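Subject: Structure for your review

Dear colleague,

Please find below the structure that I am handing over to you. I would be grateful if you would read the notes with the sequence and the model open.

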Amino acid sequence: MINVNEASIRAIEHLKKLYPDHDLGEILFEEAEITDDDRFWVVVLSYKNPISAGGVGRSMFVGDRGYKVFKLLAETGEIRSVKNLSNK
């Protein structure tokens with residue numbers, strides 16, 4: 001079983017893979033929780049949010065932060081889902 005530090009590192013690595021061509025600024029660990037059945041880690045990260053601007057695939061960054069919720073298998077650390085969290 002992975003611990004909270006490993007779950008957070010895997011979530012950060014996955015976030016960087018989602019936006020490979022963008023500077024996400026300082027990626028912040030916001031919170032983590034293991035589910036009551038000990039099957040999943042739920043990790044929340046914040047980052048400088050890419051906002052769509054003027055065309056498919058084109059983005060620019062603005063000051064507000066984006067939040068993503070990662071659900072990982074506690075046994076292996078495999079990412080099972082990634083969701084947006086609006087206005088934490």
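The notes below describe what was found in this structure.

This is a predicted model, in which local features need pLDDT of at least 70 and side-chain atom pairs count only at pLDDT 80 or more, while totals for chains, interfaces and linings use all residues. Residues are numbered from 1 along each chain as its sequence is written, and side-chain values use heavy atoms, with hydrogens and water left out.

I begin with the nonpolar core. In soluble globular proteins, nonpolar side chains tend to be buried together. A nonpolar core is here a set of buried Ala, Val, Leu, Ile, Met, Phe, Trp, Tyr and Cys residues joined through side-chain atoms within 4.5 Å; buried means under 20% relative accessible area, exposed over 50%, and partly exposed in between (1.4 Å probe, protein chains only). The largest such core has 14 residues, and those with the most contacts inside it are L15, W41, V43, L45 and F70. Helix 1, strand 2 and strand 3 (59-73) each supply at least two residues of this core, and strand 2 gives the most, with four residues. Helices (H or I, at least four residues) and strands (E, at least two) are DSSP runs, numbered from the N terminus.

Contact means heavy atoms within 4.5 Å. Not counting residues up to four places away in sequence, W41 touches several residues, including A7, I34, F70 and K71. S8, found in helix 1, is buried, with a relative accessible area of 9%.

I34 lies in strand 1 and is partly exposed, with a relative accessible area of 23%. Leaving aside residues up to four places away in sequence, I34 touches M1, F40, W41 and A74.

How many aromatic pairs does the structure hold? It holds one. The ring centres of Y19 and Y47 are 5.9 Å apart and their planes are at 35°, so the pair is tilted. Rings of Phe, Tyr and Trp (its six-membered ring) pair if their centres lie within 6.5 Å; planes under 30 degrees apart count as stacked, over 60 as edge-to-face and the rest as tilted. Y19 lies in the loop between helix 1 (4-18) and strand 1 (28-34) and Y47 in strand 2 (residues 40-52), so the pair ties together parts that are 28 residues apart in sequence.

Yours sincerely
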